Amino acid sequence: MRLSRFLIPAVLALAAALAHADALPYDETADARAELQHALATAAAKKRPVLVIFGANWCPDCRALDASLKTGANAELMAKEFVIVKVDVGRFDRNLPLAEQYGNPTKKGIPAAVVLSPAGQLLYATRAGELSNARRMSDTGVHDFFSQVVATAAQQAPK
């Protein structure tokens, strides 16, 4: 009886920690360049642009954006319009050359996003920290933002 009084809360705490670890949006050990190349190949096959989201697991706005993109109309929009790659920037000490390759969209904060054609041409990039307050954006606000990104990227896409 006494053991269960301590064991049950410990097991529950461990389960919660493991569930949280699985829910982290950014793979800190991923080879971002290899994942981007794979996404570009997939995008070419699907004839869709690639959405690259730069962020980090410690960032509450990055986690909020990730959660919002997985729900309702946002999930539908993402599935219909993009091949998505999430790139971990750590504490601004990882994958920065990749971000710089696309104009350093992380300069004004994370999460940051770029949209690439299947050929790797830059179609859109955040420049002013547009998503850096994602935890204060509603799901509708996130949807409106990315709907505009889709329209902008379509205008920039090679014909």
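This is a predicted model: local features need pLDDT of at least 70, side-chain atom pairs count only at pLDDT 80 or more; totals for chains, interfaces and linings use all residues.
A residue is taken as exposed when its relative accessible area is over 50% and as buried when that area is under 20%, with partly exposed in between.

Helix H6 spans residues 139-156 and contains 18 residues. From its first C-alpha to its last it reaches 26 Å, which is close to the 26 Å expected at 1.5 Å a residue. Six positions of H6 are listed next by their accessibility. Val142, Phe145, Phe146, Val149, Val150 and Ala153 are buried in H6. These residues lie on the same side of H6, because the arc they cover around the axis is only 145°. An α-helix has 3.6 residues a turn, so residues three or four places apart point the same way. Thr140 and Gln155, by contrast, are exposed on the other side of H6.

The buried residues of H6 pack against both strands and helices. The strands are S1 (50-55), S3 (112-116) and S4 (122-125), and the helices are H3 (60-69) and H4 (72-81).

Two packed helices are described by the angle between their axes and the distance between the axes. For H3 and H6, the angle is about 80° and the axes are 10 Å apart. H3 is therefore roughly perpendicular to H6, as angles of 65 to 115 degrees are counted in that class. On the H3 side, the contact is made by Leu65, Ser68 and Leu69, and on the H6 side by Asp139, Val142 and Phe146. By class, four residues of this contact are nonpolar, one is polar and one is charged. Val142 and Phe146, which take part in this contact, are also among the buried residues of H6.

The loops were examined for backbone geometry. Most residues other than glycine have a negative phi, and most peptide bonds are trans. The peptide bond from isoleucine 110 to proline 111 is cis, and its omega is near 0°. Proline 111 is placed in the loop between helix H5 (96-101) and S3. Asparagine 104 is also found in the loop between H5 and S3. The phi of asparagine 104 is positive, near 55°, in a residue other than glycine. Asparagine 104 counts as partly exposed because its relative accessibility is 26%.

A positive phi, near 60°, is likewise found at phenylalanine 92, a residue other than glycine. Phenylalanine 92 is located in the loop between strand S2 (83-88) and H5. With a relative accessible area of 37%, phenylalanine 92 is partly exposed.

Conventions:
Residues are numbered from 1 along each chain as its sequence is written. Side-chain values use heavy atoms; hydrogens and water are left out. Helices (H or I, at least four residues) and strands (E, at least two) are DSSP runs, numbered from the N terminus. The expected span of a helix is 1.5 Å times one less than its number of residues. Buried means under 20% relative accessible area, exposed over 50%, partly exposed in between (1.4 Å probe, protein chains only). The arc is that of the directions from the helix axis to the C-beta atoms. Contact means heavy atoms within 4.5 Å. Axes are lines fitted to C-alpha atoms, for helices over the stretch in contact, and angles run from 0 to 180 degrees between N-to-C directions. Angles under 35 degrees count as roughly parallel, over 145 as roughly antiparallel, 65 to 115 as roughly perpendicular and the rest as oblique. Ala, Val, Leu, Ile, Met, Phe, Trp, Tyr, Cys and Pro count as nonpolar, Asp, Glu, Lys and Arg as charged, and the others, Gly among them, as polar.
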